[in-house]
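Thanks for coming. I will keep this short and go through one model, contact by contact.

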Amino acid sequence: MKLLLVEDDERIAEALAEDLTDQHYAVDIAHDGEMGWELLEAFTYDLVLLDVMLPKMDGLAFCRQMRAQGLDIPVLMLTARDTTANKVDGLDAGADDYVVKPCELEEISARIRALLRRGPMTSPPILEWEDLKLNPNTCEVFFQEEIIALTPKEYSLLELFLRNKRRVFSRAQILEHLWAYEVLPEEDTVKAHIKGLRHKLKGAGAPNDLIQTVYGFGYRLKQVS
């Protein structure tokens with residue numbers, strides 16, 4: 001399960017992300033609403049943990065925008081505001097549950113499990129580009145029905161391209177998206193992951209130029225004529 005945590009308090013975010021990672025969740029962190037929205041557009045998440053008081057885009061606006069765009073991902077709001085009116089505002093904005101900070105990590109974990117148990121959600125659509133398919137629901141990648149075994153970073157890299165089919169990404173932009181709030185490696189790391197991904201795609205029968213190098217700018221998917 002992959003979670004998006006949008007929380008501007010770095011101490012709280014890191015502690016919560018560490019606890020959830022120990023429970024085998026994959027967690028991406030954003031410290032403001034705009035960065036959270038960029039991650040939400042680029043990747044598929046099973047649940048969003050969302051602070052209300054955020055810079056650049058507050059949690060209520062973030063949640064309303066999600067629902068307005070038809071995103072039915074469960075949202076657990078985290079906030080220091082504890083009045084009934086505040087809770088009503090959060091739920092009316094589209095949140096599925098509401099936790100008042102400070103609270104125990106065990107309670108947050110229990111609420112996450114409860115939200116994820118709430119019946120079948122709409123499966124995210126399969127991402128396709130010619131004969132290449134990526135299933136966000138199963139984290140599987142196929143080329144002409146042959147499954148391709150990718151590392152987590154290779155999978156995230158391919159997902160980034162498939163969700164932004166015509167966009168060119170520089171190495172620096174790829175680092176920001178894939179490593180988020182981890183210690184950023186050197187840009188040559190991106191080159192190595194691109195090389196590994198190309199090798200595996202080619203081994204499954206994909207054309208050599210499925211991931212194109214746009215010299216002087218970065219990388220993108222081969223454009224379909």
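First, the conventions. The model is predicted, so to speak of local features we require pLDDT of at least 70 and side-chain atom pairs count only at pLDDT 80 or more, while totals for chains, interfaces and linings use all residues. Residues are numbered from 1 along each chain as its sequence is written, and side-chain values use heavy atoms, with hydrogens and water left out.

Aromatic pairs. Rings of Phe, Tyr and Trp, the last by its six-membered ring, pair if their centres lie within 6.5 Å; planes under 30 degrees apart are stacked, over 60 edge-to-face, and the rest tilted. That rule gives two aromatic pairs. One is Trp 37 with Phe 62: the centres are 5.3 Å apart and the planes stand at 80 degrees, so this pair is edge-to-face. Trp 37 sits in helix H2 (residues 33–42) and Phe 62 in helix H3 (residues 59–68), so the pair ties together parts 25 residues apart in sequence. Helices here are DSSP runs of H or I with at least four residues, strands are runs of E with at least two, and both are numbered from the N terminus.

The cut-offs are under 20% relative accessible area for buried, over 50% for exposed, and partly exposed in between, with a 1.4 Å probe and protein chains only.

Phe 161 and Phe 169 have ring centres 6.1 Å apart and planes at 70 degrees, so they are also edge-to-face. Phe 161 is buried at 0% relative accessibility, and Phe 169 is buried at 0%.

Next, salt bridges. A salt bridge is a side-chain nitrogen of Lys or Arg within 4 Å of a carboxyl oxygen of Asp or Glu. How many does the rule find? The count is twelve salt bridges.

Glu 154 pairs with Lys 200, with the closest N and O atoms 2.8 Å apart. Glu 154 is in helix H6 (residues 152–163) and Lys 200 in helix H8 (residues 188–203), so the bridge ties together parts 46 residues apart in sequence. Glu 154 is buried at 6%, whereas Lys 200 is partly exposed at 27%.

Helix H6 also holds both Arg 163 and Glu 159, four residues apart, about one turn of the helix. Their salt bridge has its closest N and O atoms 3.1 Å apart. Arg 163 is partly exposed at 25%, and Glu 159 is buried at 2%.

Lys 222 and Asp 209 meet in a salt bridge at 3.9 Å, N to O. There is also a network of salt bridges linking Glu 7, Asp 51 and Lys 101.

Now the surface. Glu 10, Glu 14, Glu 18 and Asp 22 form a negative patch. Patch residues have over 30% relative accessible area and no salt bridge, with like charges joined within 9 Å. Glu 14 lies in helix H1 (residues 10–22) and is partly exposed at 39%.

Last, Glu 146 is in strand S9 (residues 146–148) and is partly exposed at 41%. From Leu 132, Glu 146 is 14 residues away in sequence and 9.5 Å away in space, C-alpha to C-alpha.

Technical notes:
Patch = residues over 30% accessible without salt bridge, like charges linked within 9 Å, V, L, I, M, F, W, Y side chains within 5 Å. Areas by Shrake-Rupley, 256 points an atom, 1.4 Å probe, with all protein chains shown as cover. Lys, Arg positive; Asp, Glu negative; His and termini not counted. Charge placed at Lys NZ, Arg CZ, Asp CG, Glu CD.
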